[in-house]
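Subject: Structure handover

Hi,

Here is the structure I promised to pass on.

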Amino acid sequence: MAAAGATATEGWSSRWGFILAATGSAVGLGNLWRFPSQAGENGGGAFVIFYIICVVLIGLPVLLSETLIGRHGKGDAIESTKVVARDSGASTAWSALAGIGMLGAFLILTFYSVIAGWVLYYIGLFAGDVVSSVQNGAVLGGAFQGQSLEQIQDHLPALFANNPLMLGMHALFMAITVYVVARGVHGGIEKIAVYLMPTFFLLLIGITIYSLATGAAGEALGFLFAFDPARLLKPDVMLAALGQAFFSLSLGSAMMITYGAYADRKTNLASTSTIIAAADTSVAIIAGLAIFPIVFAAGLAVDSGPTLMFQTLPASFQTMPAGSFIGFLFFLMVFFAALTSSVALLEAPTAWVMKRFNLARGVATVLLGGIAFAIGILSALSFNLLADWHPLNFSIFEGQNFFDITDTLTGKILLPLSALLVAVFVGWIADKRLTDHENGISGGLHQTWRFLVAWLCPLAVGAILVYGLLG
Ligand code: TRP
């Protein structure tokens, strides 16, 4: 297999380095914050089942396609796609799929850092509460003793009312992200993944056991897994599940192409992709098992949506033993997951900018991180000063503030469009030679994968696009 042109000079030190970094990118706010809120809003069981079907039949084939493009092209996402197109005798204009994905990743980074900034604030909030519970000799009691439910839930609006604090947290999170990416693929991204991901898994398992043991486990299990066929076939539930699967697996955002380029030729990408998808999906479901028993035990609403993690959950910790300590660990865990994702969001455009403008890694990361921070300010202010600013007040953006627009533009347009192009490109355009001699993809598995990429994926992703644009 001739890979003309680009050569990625950086790379993972081992297959496990790749698996941990890619899983770190996939596991993030999407699993811990977005999945439970989506499952809660879409009625639980039906959403969860359909989500798993989407991951297996649509997400996994696209994930494998993206890593294959990267590994064949061995460059930044755009360069890699051009190499594959050239080697297949197709137009290099197909690299637009990577350009769209890269723009999507960059825009996600702008608001991801704002929300991760809230997470940093909540780490501080719970840390303060741990200290005061120790002083009061009530470490084993619940969180926020002496505060009413409203007072606990008011911590979020109080943060929104304090711009220096909110922007400071956003700046801090972005600075940490820039620092890690500036240190390189091996010395920065892989290194934090190797330390943070195992720690993350231990925290997740520990908190989940605590939650199932002390919370309303039965209710949570019933909610997450109860099979209600009537809800299963609802188009909006199906599309929400598919959109969530894409976001969670970091597809359509040039990311898996970028990380695939750092994998060596011997890596079995079929099994590696399967491990990544399985880990990401398990984390989403386990996160549900960690969060819902606590919320059910407190008798609060599970369908509170995006504020579930920042208002409902902290309030729920009030009735749990050692609530402030566990709450502190919970938000620390969310921070670890968010950081291993934000570095991936920054790495995709960084790799391209370094090559395109011939910039040193440090310069490229500071530049891109700075611009992403500046744009993110508009998203942060969407929660106060700019809440009623509707810069694109037409069609699907009608009535949306800057934060909502960025979320809609990426989730409903850029990511699905990029993923759709990936599926069509790999399923129909890329030369069979590119995918036929890959280790781990042969026989029936190969046939099935090709069929899914060529037929099911374009249809399903096309449906999200059309439905998203009309709805
Ligand atoms: N998968 C990430 C999460 O679950 C979000 C995400 C989407 C992402 N696209 C990405 C992360 C690209 C890194 C790179 O939170």
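The side chain of histidine 170 reaches the backbone oxygen of phenylalanine 373 at 3.0 Å. That is a polar contact, meaning a pair of N or O atoms within 3.5 Å; within protein, one must be able to donate a hydrogen and the other to accept it, and residues adjacent in sequence count only if both atoms are side-chain atoms. Before you read on: this is a predicted model, where local features need pLDDT of at least 70 and side-chain atom pairs count only at pLDDT 80 or more, while totals for chains, interfaces and linings use all residues. Residues are numbered from 1 along each chain as its sequence is written, and side-chain values use heavy atoms, with hydrogens and water left out.

Back to histidine 170. You'll find it in helix α8, residues 163-182 (helices are DSSP runs of H or I with at least four residues, strands are runs of E with at least two, and both are numbered from the N terminus). Histidine 170 is buried, at a relative accessible area of 0%; buried means under 20%, exposed over 50%, and partly exposed in between, using a 1.4 Å probe and protein chains only. Leaving out neighbours within four places in sequence, its contacts include Thr110, Ser113, Ala372 and Phe373, where contact means heavy atoms within 4.5 Å.

Tyrosine 122 is another one to look at. It sits in helix α5, residues 96-135, and is buried with a relative accessible area of 1%. Not counting residues up to four places away in sequence, tyrosine 122 touches His155, Leu156, Phe310, Pro314 and Phe331. A polar atom of the tyrosine 122 side chain lies 3.4 Å from the backbone nitrogen of leucine 156.

Cysteine 54 is buried at 2% relative accessibility, and cysteine 457 is buried at 0%.

Finally, the whole chain. It has 20 helices and 0 strands. Its radius of gyration is 22 Å, close to the 23 Å that the globule rule gives for 471 residues, so the chain is as compact as a globular protein of that length. The radius is taken over C-alpha atoms, and the rule is 2.2 Å times the number of residues to the power 0.38. The C-alpha trace spans about 70 × 50 × 45 Å along its principal axes. Of the 471 residues, 60% count as buried. The chain exposes about 17200 Å², with carbon and sulfur atoms supplying 67% of it.

Cheers

Technical notes:
Accessible areas come from the Shrake-Rupley method with a 1.4 Å probe; for residues, only the protein chains shown count as cover.
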